Amino acid sequence: MVISKSPTVRDLVSINMLPQDPMISKAELVQFDKVQFGSQLSGPRLHTQDSVAVAQADADGNYLYEIGSPQFDQVNTHGIVAGALATYEHYMGHTVPWSFKGPLEVNPHAGEGKTAYYSRWDQSINFFQWDSPSLGKIVKTSQSFDVGSHEIGHAILDGLRPGLLSGTEGKAFHEGFGDSSAILHALQYDSNLRQILADNGGDFSQPSLVTRLAEEFGTAFNKEDDNPNNDDHPYYRTALNEFKYADPKTLPSDSYPPSQPEEVLTSEPHSFSRIWSGSFYSMLGSLYNQCAADAPSQLDALRQARDVLGTIWGKSLDHIPAANLKFRHVASAVLREANQLEGGKYFDSLAAVMLDRNLLTQQQIDELHKPVRSFRLEQFPQTRGGAEDMLSRLGLNNHPWRADQALAGADGRRVYTFRAPERVELDLGSRGAAFMQAEAGLTLVFDAAGQLVSETATPLDADDRADLNREARALADSGQLVGEDGIGPARLVPRRDGPPEYQPLPVWKD
Ligand SMILES: [Zn+2]
């Protein structure tokens with residue numbers, strides 16, 4: 001894979017890596033920009049670390065380790081995360097920031113366990129392994145393309161929108177973004193495209209390599225868990241589903257890993273995320289069907305559908321909320337960009353998915369065709385104060401907004417995000433009363449000429465506050481507040497002058 005927009009010849013290196021899960025693919029040589037790999041898996045964005053010797057580039061700068069050595073795992077993981085990052089930067093047209101300074105640390109051998117996680121606090125992604133009795137081998141998440149692409153997805157989204165730590169849909173979108181990243185990244189490899197078409201024959205209502213997420217991990221996990229009904233499921237999650245959007249308060253709650261059968265949609269974020277990942281995969285299928293009508297071959301149609309999806313998806317991320325995200329905001333952002341690409345020729349294909357999945361109503365879709373109010377900046381604010389001053393000119397000083405991010409966007413756009421804290425009282429059942437600092441969000445996007453392109457405000461309403469309480473209570477009830485390992489989705493911090501503060505943490509496990 002060579003993802004580079006620059007017409008100049010880059011310094012390329014070859015690495016030997018698995019372009020899919022080890023159960024279903026063989027290692028192949030993949031080319032990357034050398035800058036992300038250096039002489040010992042280290043570059044300005046990514047730094048691989050291990051307790052055993054870290055792989056070294058050969059005299060030509062290449063990493064040609066064979067599967068079976070720990071160095072292969074290191075190179076493989078580094079390649080997966082570098083590839084996913086390059087995929088996003090290619091489609092977004094600019095650098096994706098981290099939510100911290102310095103390179104992201106990649107730990108391919110973080111310890112024993114059936115897990116992997118991304119932590120902003122540790123500035124790292126971490127991959128675990130276990131001796132699987134059902135497969136008779138060590139199952140390593142460092143070898144899983146889907147697990148690696150999912151985890152780096154958390155880091156990418158956290159860099160773009162660090163305020164998505166709470167709320168059922170914000171947390172579920174993080175998980176759905178990870179799975180969508182695994183799908184989009186897998187589509188960058190020709191060997192995968194050919195296998196997808198061999199699996200499904202061009203019928204995207206059928207399962208294939210790209211619908212089955214984390215094949216080896218899931219196969220072993222399912223055989224070894226307490227649920228006899230999933231023993232023959234060759235994936236950890238599948239993007240081939242028909243889940244429709246439903247208000248999370250109408251769904252059962254659950255712990256994680258799930259205790260409910262796969263068919264049951266719950267408000268637990270990994271379960272609820274399947275609405276998004278299923279919709280993302282449906283978008284691919286819908287675009288494929290449209291492209292196949294004119295393309296000379298199925299392979300050409302799939303490549304075209306991939307790039308349309310990637311381009312729309314990458315640009316749509318400019319518009320997503322800074323906090324209190326709902327799936328409908330992301331669906332609107334996708335359609336907004338579909339409206340702009342090639343005269344809007346893909347809009348109807350994608351709008352059909354949003355309607356079918358209950359993500360948007362026809363009225364909400366129609367409103368996306370209306371022009372945005374006319375407002376033009378003479379110059380882009382350069383400071384937080386300048387960004388906040390801009391809000392009064394826009395009549396948006398209705399919340400205690402604090403300037404958050406000022407980001408490069410697609411096509412020379414500028415993206416400004418704001419967050420406004422709001423105290424929410426919580427009832428954690430047997431754990432008593434608590435409170436949290438929830439946040440409203442505001443995202444403003446301007447084109448290169450300073451014209452307002454979109455404004456997405458997400459104030460907190462009574463439903464949102466109830467959702468935050470429900471989410472916190474579900475974690476407290478199921479004993480998932482942060483434990484002795486310090487890794488968990490949230491914690492309770494004692495406060496001298498009142499109830500404890502519930503704090504969502506920037507750590508995404510699995
Ligand atoms: Zn995750």
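These notebook entries cover a domain contact and a helix pair in a predicted model.

I number residues from 1 along each chain as its sequence is written. Because the model is predicted, I take local features only at pLDDT of at least 70 and side-chain atom pairs only at pLDDT 80 or more, while totals for chains, interfaces and linings use all residues.

**Domains.** I looked up the domain assignment (bounds from an automatic or database assignment), and it lists domain 1 (12–148) and domain 2 (169–367). Their centres, taken over C-alpha atoms, are 24 Å apart. I find 24 residues from domain 1 and 26 residues from domain 2 in the contact (C-beta atoms, placed from the backbone, within 7 Å).

On the domain 1 side, helices H1 (70–92) and H2 (145–160) each supply at least two residues (helices are DSSP runs of H or I, at least four residues, numbered from the N terminus). H1 gives the largest share, 6 residues. By class I count 13 nonpolar, 7 polar and 4 charged residues on that side (nonpolar: Ala, Val, Leu, Ile, Met, Phe, Trp, Tyr, Cys, Pro; charged: Asp, Glu, Lys, Arg; polar: the others, Gly among them).

**Helix pair.** I then checked H6 (residues 269–292) against H7 (residues 298–316): the axes come within 8 Å and cross at roughly 130 degrees (lines fitted to C-alpha atoms over the stretch in contact, angles from 0 to 180 degrees between N-to-C directions). That makes H6 oblique to H7 (under 35 degrees is roughly parallel, over 145 roughly antiparallel, 65 to 115 roughly perpendicular, the rest oblique).

From H6, the contact residues include Met283, Leu287 and Cys291; from H7, they include Ala301, Ala305 and Val308.

Key. Two residues are in contact if their C-beta atoms, placed from the backbone, lie within 7 Å.
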